Amino acid sequence: KKPRVRLTDRDYAAVGIGVEQGCIRSDDLRLLLSRDSVELIGDRAARQVLVRWRRAGLVTTERVFAGPSVVTPTALAARTVGLAGIAKPPALASLRHDLTVTAIRLNLYRHFGSSVEEAKSGYLGWTAERSLRLGGHNLAHCPDGVARRGAASTAIEVELTPKTHWRIERIIDDLLDHFDR
């Protein structure tokens, strides 16, 4: 049995984003944990949080590629933050893509701000692909995320593999049918 760990509001928010995205690089954890702060937290503080989450059974870490470890939220993490319906580890084939989408989300948060209340007044709100799929959206192509700023919605599509011009046009046309940008 895992030891009980007291989670802070920051933990709940950060673990929730991790569950929505499915994975995060360990070096991006600083961005995730600092999303409501002016200053980034230090590497040591981020590692301490990661150790605490691992001990609580909320995440696993694995060095899959050269470089930083991949942090993956567990089913317990998803249940803890009320997102049990989307708890599924990313497939190895899409891992680089998923990590890139998470990094983009966190960097957009850093640039625009990210709290729910701020999203109503010009800061960034985000809906992850996993949430879009569960939400029953009728899309021919589901974007990797939707960034919202005020009333405007922007579909985020990350391509790490080449696609034909025709395929890209179809994806963009479909996304523009459902989102502002």
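Is arginine 105 buried or exposed, and what is its relative accessible area? In this predicted model, arginine 105 is buried, with a relative accessible area of 2%. The residue belongs to helix α5, which spans residues 95–112. Beyond its neighbours within four places in sequence, arginine 105 is in contact with Ile17, Glu20, Gln21, Trp126 and Ala128.

In general, the strands of a sheet pair through backbone hydrogen bonds, either parallel or antiparallel. Here, 3 strands form an open sheet in the order β4-β5-β6, and the pairing is antiparallel. Strands β4 (124–128) and β6 (152–156) stand at the edges; each has a single partner strand, so one side of each is left without a neighbour in the sheet. On average, neighbouring strands of this sheet are turned by 25° against each other, direction ignored. Strand β5 (residues 145–149) is joined to β6 by 5 bridges, and these two strands run antiparallel. Within this pair, arginine 148 has serine 153 in β6 as its bridge partner. Helix α5 packs on the sheet, where it touches β4, β5 and β6, and its direction makes about 165° with that of β4.

Turning to the cysteines, the structure holds 0 disulfides. Cysteine 23 is in no disulfide, and the nearest cysteine sulfur, that of cysteine 142, is 16 Å away. A disulfide requires two cysteine sulfur atoms within 2.5 Å, so the 16 Å from the sulfur of cysteine 142 to that of cysteine 23 is too far for a bond. Cysteine 23 is buried, at a relative accessible area of 0%, and cysteine 142 also counts as buried, at 10% relative accessibility.

Note on methods
Residues are numbered from 1 along each chain as its sequence is written. This is a predicted model: local features need pLDDT of at least 70, side-chain atom pairs count only at pLDDT 80 or more; totals for chains, interfaces and linings use all residues. Side-chain values use heavy atoms; hydrogens and water are left out. Buried means under 20% relative accessible area, exposed over 50%, partly exposed in between (1.4 Å probe, protein chains only). Helices (H or I, at least four residues) and strands (E, at least two) are DSSP runs, numbered from the N terminus. Contact means heavy atoms within 4.5 Å. Two strands pair if DSSP finds at least two bridges between them. Axes are lines fitted to C-alpha atoms, for helices over the stretch in contact, and angles run from 0 to 180 degrees between N-to-C directions.
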